[in-house]
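This briefing covers one protein chain.

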Amino acid sequence: MWHKEKTIRAGSSLPSQAPMTSRTPTPVGAEAVGGAPEPVGSLQKHYNNLCMEKSQKINPFLLHILQGVDEEIKRGLTGITLNIAGNNHSVPVERVTGEHFWILSKILEKNPYINGLDVRYNLISDVGAYYAARLLQKQHSLIYLNLMFNDIGPKGGELIAKALHTNTTLKYLRMTGNKVENEGGMFFAAMLQINSSLEKLDLGDCDLEESTVHLGHMLKENHCLVELYMSKHDVRNSGLKQLSDSLYLNKSLRYLDISCNKITHDGIISLADVLKSNTTLEVIDLSFNRIENVGAKKLSETLASHNRSLKALSVVSNSIEGEGLVALSQSMKTNTTLSNIYIWGNKFDEATCVAYSDLIQTGRLKPDNTDVEPYVVDGRAYLAEVSNGLKKHYYWTPTYGEACRLSSNAGFSIVPVGKQL
């Protein structure tokens, strides 16, 4: 077993061990006589012992979190998510490194009480990704793993993707912000043609470029993935056409995030066409593209006359003017399925303000289901921004107040798959 006393940070080499091997899964939450999970020792104590054994400095933040989990287990709670977010500002945080993640993985290996692990905004790097991959092979209760912004590169992405070839329990993986690049992204696309349990995958902001060819092939083969996040993938019109073509064959995807890309009205033609026959997509996030009036009108035509499955659409900041925005509002009068629409950041004229004011005042569009609120000054209608959206808390959660307010994260309630944040 490979261990060193000094802290391993991003850029460190991976442990030189034998390749990871698969094993026959143990039933989730293996139970003892009487129906309760097998008792486990104190996580704090186990952590302390491992730190002493490997001459590792104790991480006080991690120790504090494990103490809380020990108390929850004593109260008989199961299905616990271990939240070790490195951006927690309410308590002193010492971020988890690759070597500390090895210790953490050893603690969790056979713990049936914990089925979620959130280590966002830490420093586990490719070293920690190696141990995360080992954990995915050995721990068969884990259904949620959040690794966002952990300095994981292409090699770490490859290891995690390959571990999911044989994992049959993980439902939600968040890799957001880890620069796995095209090299690592290809391994995730290949994995999705084999894995039959993962329902939600977030590869947003991972420095993937035009990944649509590989992910498009995957969508033709994969029939279990429910949510796919492709924000900042440099998707262009040709890429969206490839993705749209694959959606003719896919019958499982319900949430598609293609925000922050380079899609224009030409690319929207192929998406609008597939929406005429696709009956599974319920949420589409097109925010921060450039579909303009032509793209908005094309979508409006499909929504008004053909599609009756889409429930939420975000076209925030898409250079759409009054004509296109009014067309979208008109489509909601004939399409009663579309319940959520987000339009802020476009070019509002008076006709736009009147159209959306009418939708809200007549009850067709609920105030919580849009990101604008009407008001009147000197007899003229205007629209103000409100903090509603599909995923307002994508990168962060509020320190105070309700972190999972439905109107701020509507996409998660429309398509509820496991953990949301």
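Accessible areas come from the Shrake-Rupley method with a 1.4 Å probe, and for residues only the protein chains shown count as cover. On that basis the chain exposes about 17,600 Å², of which carbon and sulfur atoms supply 51%. This is a predicted model: local features need pLDDT of at least 70, side-chain atom pairs count only at pLDDT 80 or more, and totals for chains, interfaces and linings use all residues. Residues are numbered from 1 along each chain as its sequence is written, and side-chain values use heavy atoms, with hydrogens and water left out.

**Chain**
- The chain has 13 helices and 12 strands, taken as DSSP runs (helices H or I, at least four residues; strands E, at least two) and numbered from the N terminus.
- Of its 421 residues, 53% count as buried, meaning under 20% relative accessible area (1.4 Å probe, protein chains only).
- Among contacts (heavy atoms within 4.5 Å) with a separation of 6 or more, 80% link residues 24 or more positions apart.

**Sheet**
- An open sheet is formed by 10 strands in the order β1-β2-β3-β4-β5-β6-β7-β8-β9-β10, with parallel pairing; two strands pair if DSSP finds at least two bridges between them.
- Its edge strands, each pairing on one side only, are β1 (80-83) and β10 (340-342).
- Strand β9 (residues 312-314) runs parallel to β10 and is joined to β10 by 3 bridges.
- L313 stands opposite I341 in β10.

**Nonpolar cores**
- A nonpolar core is a set of buried Ala, Val, Leu, Ile, Met, Phe, Trp, Tyr and Cys residues joined through side-chain atoms within 4.5 Å.
- The largest core has 101 residues, of which L117 and L173 touch the most other members.
- Helix α4 gives the largest share of this core, 8 residues.
- Another core, of 13 residues, lies apart from it and includes Y255, Y342, I414 and V415.
- Beyond its neighbours within four places in sequence, L173 contacts residues including L145, I160, F188 and D202.

**Helix α5**
- In α5 (residues 154-163), 8 of the 10 residues are buried, among them E158, L159 and I160.
- The cover over these buried residues includes α4 (125-138), β4 (172-174) and α6 (181-192).

**E109**
- E109 sits in the loop between α3 (98-108) and β2 (114-118).
- E109 counts as buried because its relative accessibility is 17%.
- Leaving out residues up to four places away in sequence, E109 touches L135, K138 and Q139.

How values were computed
Buried means under 20% relative accessible area, exposed over 50%, partly exposed in between (1.4 Å probe, protein chains only).
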